Amino acid sequence: KNGIWVSGFFGSGKSHFIKVLSYLLENADHAHNGEQRRAVDFFAEKLSDAMLFGDLKKVVAASIDTVLFNIDVKADHRSGRDALLQVFLKLLNEKQGYSGDYPHIAHMERHLDERGLLAVFHEAFERASWDSWLDERDAWEFHRDEVVAALTEALGQSEGSVEKWVDGGEENFSLTVENFAKWVKRYLDRKGPDHRIMFLADE
């Protein structure tokens, strides 16, 4: 299914349930009492039904990224009807290592990354500014010239065309449900045909 609604009375454990579910689906290593175990292994002694545990192990064997968040904490309450969409994009961008606060900067990083040029841009920016891009990207407006120089080098385009994008990128960035779905699909396509991403949004 594309989406599942978890419903229940206040205090019934919905938030706890989806938190545990996110750990299970990602199935990363966790330390407990001095030993390292996969998330699913903590359930070996908790489930008496061997068939259920077998099904659980089958589910977590899939390649899954989970993104767990509280929508009320992450949403910008001034952004109106697109607030939810902005949160989902922010978290998708952060999951990929792109800027979470500036979607047009994340879009630039995605464009470079898909062309294998993101590392080239990072190196060019650091040479131009003597600072790391990851440390300074939230202050990109103060590094406008260095961004232009690094993009010009990475993309091999004219400085004029790069300046046009840098100066108008934020204003011209278009966030729609269709664009978001396209970016999710491109992310999944790069991960392989069996990869999944699951957003677990706590209301």
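How many residues line the largest pocket, and which of them lie nearest its centre? The views below come from a predicted model, in which local features need pLDDT of at least 70 and side-chain atom pairs count only at pLDDT 80 or more, while totals for chains, interfaces and linings use all residues. Residues are numbered from 1 along each chain as its sequence is written, and side-chain values use heavy atoms, with hydrogens and water left out.

**View 1. The lining of the largest pocket.** The largest pocket is lined by 40 residues, of which N2, G3, I4, F199 and L200 lie nearest its centre. A pocket is an open set of points on a 1 Å grid over the protein atoms alone, where a 1.4 Å probe fits, with protein on both sides within 12 Å along at least five of seven lines, and lining residues have an atom within 4 Å of a point. Strand 4 gives the largest share of this lining, 7 residues; strands are DSSP runs of E of at least two residues, and helices are runs of H or I of at least four, numbered from the N terminus.

**View 2. M108 in helix 5.** M108, which is found in helix 5, is buried, with a relative accessible area of 5%, where buried means under 20% with a 1.4 Å probe and protein chains only. Leaving aside neighbours within four places in sequence, M108 is in contact (heavy atoms within 4.5 Å) with F121, W133, L151 and W165.

**View 3. Helix 5 against helix 10.** H107, R110, D113 and E114 in helix 5 (residues 103-114) meet W183, R186 and R190 in helix 10 (residues 177-191).

Note on methods. Axes are lines fitted to C-alpha atoms, for helices over the stretch in contact, and angles run from 0 to 180 degrees between N-to-C directions. Buried means under 20% relative accessible area, exposed over 50%, partly exposed in between (1.4 Å probe, protein chains only).
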